[in-house]
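Hi,

Here is the structure I said I'd pass on.

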Amino acid sequence: MRTGKYGLAANGVLPCIDGGVWSRRVVSTLVLAASVAALTLILLDHRSVGRPGSPEAAAYRVMPAPVVTEVPRRAVTDTALMQAEEARYRALSEFVARRYFVSQDAAFDLVTLAHRAGSQLQLDPLLIIAVIAIESRFNPIAESRAGAKGLMQIIPKYHGDKLEVFGGEEAVFEPEANIHVGASILKEYLRRTGNLGIALQMYAGALADEEDQYTRKVLSERHRLQQVVPPMPRRPAPPAAVRAASTPVSYPNVLPSALD
């Protein structure tokens with residue numbers, strides 16, 4: 001077949017196309033058709049996923065959003081209590097450091113130990129601190145001529161059983177052991193008598209003192225501590241006398257070892 005100038009057949013009807021060009025066009029057409037078919041399948045697949053009950057819908061089901069829980073109030077309350085407790089210890093230790101000329105760090109440690117013992121024994125920690133103030137003025141190595149030792153002036157030979165828990169009588173000068181044992185003795189006297197004034201006089205070994213001078217000193221010191229961190233909004237009243245000097249009082253029978 002003869003072609004003219006522009007590649008037309010001699011009869012001017014059918015074009016004459018080169019074999020390579022024709023092959024490329026066929027391949028392009030097949031690729032386009034395959035792409036259209038693939039796109040159609042993808043669209044059909046997405047439609048089937050949206051149908052309820054289909055396996056694909058179960059596989060692609062949207063998971064529920066996680067439930068957001070609030071922070072428990074107890075955690076917030078515990079934090080507030082810890083902050084208030086530390087502020088209380090700081091105030092007390094500053095007072096003790098100024099009044100008794102001890103370092104504030106040492107005072108803070110002793111105040112903390114007194115509160116710990118008070119919590120374990122259900123005893124007022126301010127009362128324990130007041131006893132320490134009167135007995136030793138916060139000197140952990142204080143020792144009397146009668147053999148009373150440490151912060152709360154414990155006589156080891158009378159209370160060896162209580163010191164045994166802390167390693168024996170040698171632990172009497174250790175602040176934690178001394179405070180806990182001293183507080184235990186006072187708690188025992190209070191439980192035995194049911195009267196704080198008598199329990200304090202027993203602790204001091206001064207039951208014969210009709211004026212209760214030791215009790216007055218301890219309660220006066222506790223009153224000062226209460227002014228630093230008052231437990232109630234109202235100011236506590238000054239400590240009243242445990243009993244009038246002229247009023248006879250009969251004490252319960254006590255063991256000689258209690259009069260230390």
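H7 and H8 cross in a right-handed way (left-handed if the near helix is turned anticlockwise from the far one by less than a right angle, right-handed if clockwise). This is a predicted model, where local features need pLDDT of at least 70 and side-chain atom pairs count only at pLDDT 80 or more, while totals for chains, interfaces and linings use all residues. Residues are numbered from 1 along each chain as its sequence is written, and side-chain values use heavy atoms, leaving out hydrogens and water.

Helices here are DSSP runs of H or I, at least four residues, numbered from the N terminus. H7 covers residues 175-193 and H8 residues 196-204; they pack at about 135°, axes 8 Å apart (axes are lines fitted to C-alpha atoms over the stretch in contact, with angles from 0 to 180 degrees between N-to-C directions). That makes H7 oblique to H8 (under 35 degrees is roughly parallel, over 145 roughly antiparallel, 65 to 115 roughly perpendicular, the rest oblique).

On the H7 side, the contact residues include Gly182, Ile185 and Leu186, and on the H8 side they include Leu196, Ile198 and Ala199 (contact means heavy atoms within 4.5 Å).

And H8 with H9? Helix H9 (residues 213-228) packs against H8 at about 110°, again with axes 8 Å apart, so H8 and H9 are roughly perpendicular. Their crossing is right-handed. Among the residues that meet are Leu196, Gly197 and Leu200 in H8, and Tyr214, Val218 and Arg222 in H9.

Cheers

Key. Helices (H or I, at least four residues) and strands (E, at least two) are DSSP runs, numbered from the N terminus.
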